Amino acid sequence: MHPLNWAIVIGWLAYVVIHGIRRSAGTSELAGYFQANRSLPWWAVGLSVMATQLSAVTMIGTTGQGATDGMRFVQFYFGLPLAMVILGVTLVPFLHGSGVYTAYEFLERRFDAKTRSLTAFLFLVSRAMSCGTIISAPAVVFSAIFGWSIGWSVAIIGVPAVLYTMIGGVQAVTWVDVKQMILIVTAIVAVTITLLVQIPVSPSDALHIAGATGRLRVFDFSFSLTNTYTFWSGVIGGTFLMLSYFGTDQSQVQRYLAAKSVDEARSSLLISAYWKIPLQAMVLLIGVLVFVFYQFERPPLLFNPAHERLVRKEQPALYGELESRYTADVVARDAAARAVARARDRGSDAEAASAMQVYRAQQAGVDTVRTEALALAQRVTGQPSRDVNYIIPRYVLDHLPIGLAGLFIAAVIAAAMNAISGELNSLSTASVIDFYRRWVRPEAPDQHFLMVSRAATGFWGIFACIIATYAVNLGSLIEVVNRFGSFFYGSILGVFLLAMIPMSRATGAFVGLLAGMAAVGAVNFGAPSVSFLWHNVIGAVTVVVVGTIVSTPGSIGGAFGRAAARG
Amino acid sequence: MSDDSSGSRRFRRTLASVMLVQIVTLCALWLLQWRYSA
């Protein structure tokens, strides 16, 4: 990468750390460190909420998905605006009004200590592991692209984020998030404009070429429990997922608990409702435009440079033969794509339709060679051969102008830091408030808790970096943890829903939570093809139904539940 | 009290504009699919 690009990346990292530390004023007590003394404006909280859920995976994985699969992934977010509105009028007033530090603390006030501790424990386990994977995903890509060791890649992303989160608490996290969101959106807009300039046909022709391969097919109205990306999965399953994520996950809840008032807290959530779908559509559109760009420019046969080097070394003859076929097919496809644009410019519908048929056939030929090359890479490297995460980084480094490439790489690192800083801050909060202060040292002075909170942030940061460094070898363990996470996400939402039902009782909540996780576990093992989006619906509904029955005085379920809870 | 009511008014106004933005976004995505995926 050009030195100017490196200067931009290093300059941004330095700015972020300095800015974060400068924003640590007022964090000399616990309320300042974890809640910014409830002083943050709604727009800053809203941007921070958006930044926390926009990770590096969005910048490189989602754009890559746009290039290979098209726009249909955006349906995943169709439930988000509805979830934000529901949360704005239900959970947010409850949580903000109760003056708690964590969402789980609220559960003890409403139910009992064991429900609080169990939900907080489940949060700690899943978030600590996911924090590691959030760092590891871009670190693995940087390692392959730049030839760095994994440890070095992890350090570049992890160390600055841990530093400013540890010193500045939620205040630093929020204000850094605001600045980083500006950088990320600027990079997304700049890359979109650059792509439109670089593609040698008109934007309309470019979209027709993308549409011919199905990449602009957004809506799928089929009802399928096994397909994650349909309209109904997005609206129903997505609503429950977003309710769980924004309503019960401390990494999100902590942001809006720092808002000045209930109205500011729920207004902050509406920022995500406003911008998430348009922003996600734009991120996917970048991928689609990169796909069109590579119709007129020879793309690499394998986008992962580390795999490419290894396959070229281990199987030179086979790879050489594939490359020859690939080059010939790509040249033919380029000609076919240009023929489509010419036919459309002449206004001849029949000619355009015929040219489109030829183009589709050429595209299928290119896809066939790519599939063979990916299978060869898998055989040689012994690693999964999907190189979707490498498409955008390769485009950025090979084809973006000097300066813009640095801006985009800085934006990817910024996105990773946003996601982990929010999570580290919330992990520290849950550890200290829900466990240390609750069970170990309830009477200690504020200064002591502040010191322990900073130490906890540092501990979780180091833990996440270790997980990220060894994530390649821990692959199956992480999968187990993620799958385990999907068992309880909807169930925890169910407990919060139950908290709003006046007749529900502590025993009902605890038994309901166990029943919800068991129901999701049964579906997961009994019908593994059911999409994880539906797990949240199943978990939440089971908890509410079982919890209500167990809470009903005199019911058989109630007597059974109380006996079970007593052990 | 007046802070509360102005906050609630802002929330309702924002809510209405959120709905409007979502409808416009979905229509734009639908148009993109209808116009270019035929």
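Reader: Which domains does the assignment give for chain A?

Author: Domain bounds come from an automatic or database domain assignment. Here chain A gets domain 1 (3-293 + 399-438 + 452-473), domain 2 (313-385) and domain 3 (474-567). Keep in mind that this is a predicted model, where local features need pLDDT of at least 70, side-chain atom pairs count only at pLDDT 80 or more, and totals for chains, interfaces and linings use all residues. Residues are numbered from 1 along each chain as its sequence is written, with chains lettered from A and ligands numbered from 1 in the order in which they are written.

Reader: How many residues of domain 1 of chain A are in contact with domain 2 of chain A?

Author: Contact means C-beta atoms, placed from the backbone, within 7 Å. Six residues of domain 1 of chain A meet eight of domain 2 of chain A that way, and the two domain centres, taken over C-alpha atoms, sit 35 Å apart.

Reader: And how do I read a helix pair, say α8(A) and α18(A)?

Author: Two packed helices are described by the angle between their axes and the distance between the axes. Helices are DSSP runs (H or I, at least four residues), numbered from the N terminus. Axes are lines fitted to C-alpha atoms over the stretch in contact, with angles from 0 to 180 degrees between N-to-C directions. The axes of α8 (residues 113-146) and α18 (residues 404-440) of chain A come within 9 Å and cross at roughly 160°. That makes α8(A) roughly antiparallel to α18(A) (over 145 degrees). Among the residues making the contact are A:F123 and A:L124 of α8(A) and A:I420 and A:L424 of α18(A).

Reader: Which helix supplies the largest share of the side of chain A that touches chain B?

Author: 23 residues of chain A are in contact with 16 of chain B. α13(A) gives the largest share of chain A's side, nine residues.

How values were computed. Contact = placed C-beta atoms within 7 Å. Helix = DSSP H or I, 4+ residues; strand = E, 2+ residues; numbered from the N terminus. Parallel < 35°, antiparallel > 145°, perpendicular 65-115°, else oblique.
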